[in-house]
Amino acid sequence: MLIRREQAGDAAGIRDVHASAFAATSEAGTEPVEVGLVDALRESDAWLPQLAFVALRDAQIIGHVVCTRGKVGDTPALALGPIGVNARVQSGGIGSALMRTVLGAADALDEPLIALLGHIDYYPRFGFRLAAEFGITPPDPTWAPNFMVLPLHGYDPTMRGEFSYPAAFMNL
């Protein structure tokens, strides 16, 4: 497996990955929202090409992850997701490898913090903790039990307040 930055010609393969990865959570016959979300994020000013990665096996895209620009109050931060791995190769460590790649890249860029809405039993293995522990709240209070953050080396503990996702997330 190879992990590299997303390139211009990768969009169709990335759509296929998210369609496969999230098919089980979508209504039958409908495209998963994550497919359109990645396209909308890519077209927005929140897109950070240096934080969009694909996993390849035999030159086929089998996984994708992206962080985009969010904010805590007025302070720039990152929103992680979506992250997806083709359903036929899930549980093989690809998602973990993508996570480690994007987290390391974000830290190397001196980003302060990454936020995500995700499964409370999965993301803590990468260091994510409930955002409330840091005085950071989600845009929707009902998300609090699954809203997590990972402070990076650029983190300042005075960074508190409501997290703002890029508009594409809020238009789902």
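A: Two strands count as paired if DSSP finds at least two bridges between them. With that in hand, the strand to follow is β3, residues 60–72. The model is a predicted one.

Strand β2 covers residues 47–57 and is joined to β3 by seven bridges, the two running antiparallel. Within this pairing, R57 stands opposite Q60 in β3. The two strands form a hairpin with two residues between them. In that turn, D58 has a positive phi of about 50 degrees.

Next comes the pairing with strand β4, residues 75–85. Here nine bridges link β3 and β4, again in the antiparallel sense. K71 stands opposite P76 in β4. This hairpin, too, has two residues between the strands, and G73 takes a positive phi near 60 degrees.

There is also a pairing with strand β9, residues 161–164. Two bridges join β3 to β9, and these strands run antiparallel.

Of the 13 residues of β3, 10 are buried, so the strand is largely enclosed by the rest of the structure.

How values were computed
Residues numbered from 1 in each chain as written. Predicted model: local features only at pLDDT ≥ 70, side-chain atom pairs only at ≥ 80, totals over all residues. Heavy atoms only, no water. Buried < 20%, exposed > 50% of the residue type's maximum accessible area, 1.4 Å probe, protein only. Helix = DSSP H or I, 4+ residues; strand = E, 2+ residues; numbered from the N terminus.
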